[in-house]
Amino acid sequence: MRVNWNYIKGLLLLGLVCFLYAFSTHRNSALNATGIEVNFLGDNNLFVTHKTVNKLLIQNQQTVTNVPKEILDLNELENRLKSNAMIKTAEVYLAIDGKVQADVIQRKPIARVNTNASYYIDDEGEYMPLSKNFTAHVPLVTGAIEKNNLINVFTIASKIVNDEFLKAHIVEIHQNQDQTIVLKTRVFDFEIELGDLKELDKKINNLKAFYQKAKKDETLNKYRTVNLEFNNQVVCTKK
């Protein structure tokens with residue numbers, strides 16, 4: 001009977017590869033993580049520090065670098081990061097070099113409520129606490145504000161943050177008891193009475209048109225109020 005040496009060599013080679021792979025995998029899993037690397041993604045990276053993230057990654061009174069990689073609970077570490085009120089989402093994984101990698105996206109405030117309580121409203125319309133590390137330069141929100149009913153101020157704050165004209169000029173959003181909105185400007189003394197938020201885009205366009213004309217006529221400093229509540233017109237009250 002003729003022996004097929006090529007077949008035997010192939011089996012031996014396959015067995016050797018499997019052995020080396022199993023040995024390498026076992027040896028690698030038994031090693032401890034070599035360190036922690038934190039990446040803050042996006043442009044909003046001031047509310048949570050690297051030190052805070054490292055503290056959140058401590059597991060059973062040990063840093064993750066003292067824990068074998070095979071018993072690291074990456075989902076638990078992610079949940080710890082996500083439990084921080086300043087963190088929007090996080091992903092934790094082991095990099096090729098053995099480091100625990102944490103990619104963190106922080107929440108983004110678009111307005112700051114300044115009533116009997118102080119807190120931010122984030123870009124999803126949710127309550128966000130203030131940070132000890134950084135103060136965001138966003139419009140103030142005053143007046144009759146309820147933490148569980150932020151839809152009005154969130155709607156107008158979203159318009160402001162996404163509109164270069166409004167972002168440059170509006171510094172305060174005031175909500176009256178009847179839920180109508182008044183805006184206060186950065187430079188000029190007049191208040192902008194929006195009323196309710198129906199046809200908001202049209203009201204904003206009317207404001208921009210008024211501003212351009214009044215700027216050209218050099219009359220911007222002559223008004224006390226600019227009322228946008230009426231259709232297709234801007235009603236101004238002089239000082």
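I began with the largest cavity, which has a volume of about 60 Å³. I worked on a 1 Å grid over the protein atoms alone, where a cavity is a set of points that a 1.4 Å probe fits but cannot leave, and lining residues have an atom within 4 Å of a point. Grid points are joined across faces, edges and corners, and the volume is the space filled by probe spheres set on the points. I counted 1 cavity of 30 Å³ or more.

Notes on the source: this is a predicted model, local features need pLDDT of at least 70, side-chain atom pairs count only at pLDDT 80 or more, and totals for chains, interfaces and linings use all residues. Residues are numbered from 1 along each chain as its sequence is written, and side-chain values use heavy atoms, with hydrogens and water left out.

**Cavity lining**

I listed the residues lining the largest cavity: Phe165, His169, Ile170, Thr185, Phe188, Phe190, Ile192, Leu207, Phe210 and Tyr211. H5 and H6 are the elements that give two or more residues to this lining. H6 gives the most, with 3 residues. Helices (H or I, at least four residues) and strands (E, at least two) are DSSP runs, numbered from the N terminus.

**Helix H6**

I checked the length next. Helix H6 has 18 residues (200-217) and should span 26 Å at 1.5 Å a residue; its end C-alpha atoms are 26 Å apart, so the two agree. The expected span is 1.5 Å times one less than the number of residues.

Which residues of H6 are buried? I found Leu200, Lys203, Ile204, Asn206, Leu207, Phe210, Tyr211 and Ala214. Seen down the axis of H6, the buried residues fall within an arc of 155 degrees, so they line one face of the helix. The arc is that of the directions from the helix axis to the C-beta atoms. Buried means under 20% relative accessible area, exposed over 50%, partly exposed in between (1.4 Å probe, protein chains only).

The face of H6 turned away from the buried side carries exposed Lys213 and Lys216. The buried residues of H6 pack against H4 (151-161), H5 (164-169), E10 (191-195), E11 (223-227) and E12 (235-238). Contact here means heavy atoms within 4.5 Å. Glutamate 218 follows H6, and its phi is positive, near 60 degrees.

**Largest pocket**

I then looked at the largest pocket, which holds about 450 Å³ of space. Of its 19 lining residues, Pro109, Ala136, His137, Val138 and Val161 are the closest to its centre. A pocket is an open set with protein on both sides within 12 Å along at least five of seven lines. E4 (109-114), H4 and E8 (170-175) each supply at least two lining residues.

**Single residues**

Serine 131 sits in the loop between strands E6 (127-128) and E7 (140-143). I count serine 131 as buried because its relative accessibility is 13%. Its side chain reaches the backbone oxygen of phenylalanine 47 at 3.3 Å and the backbone nitrogen of asparagine 133 at 3.0 Å.

Valine 182 is in strand E9 (residues 181-185). Valine 182 is buried, with a relative accessible area of 11%. Its C-alpha atom is separated by 9.2 Å from that of asparagine 227, 45 residues apart along the chain.

Glutamate 76 lies in helix H3 (residues 74-82). Glutamate 76 is partly exposed, at 30% relative accessible area.

Note on methods:
A polar contact is a pair of N or O atoms within 3.5 Å; within protein, one must be able to donate a hydrogen and the other to accept it, and residues adjacent in sequence count only if both atoms are side-chain atoms.
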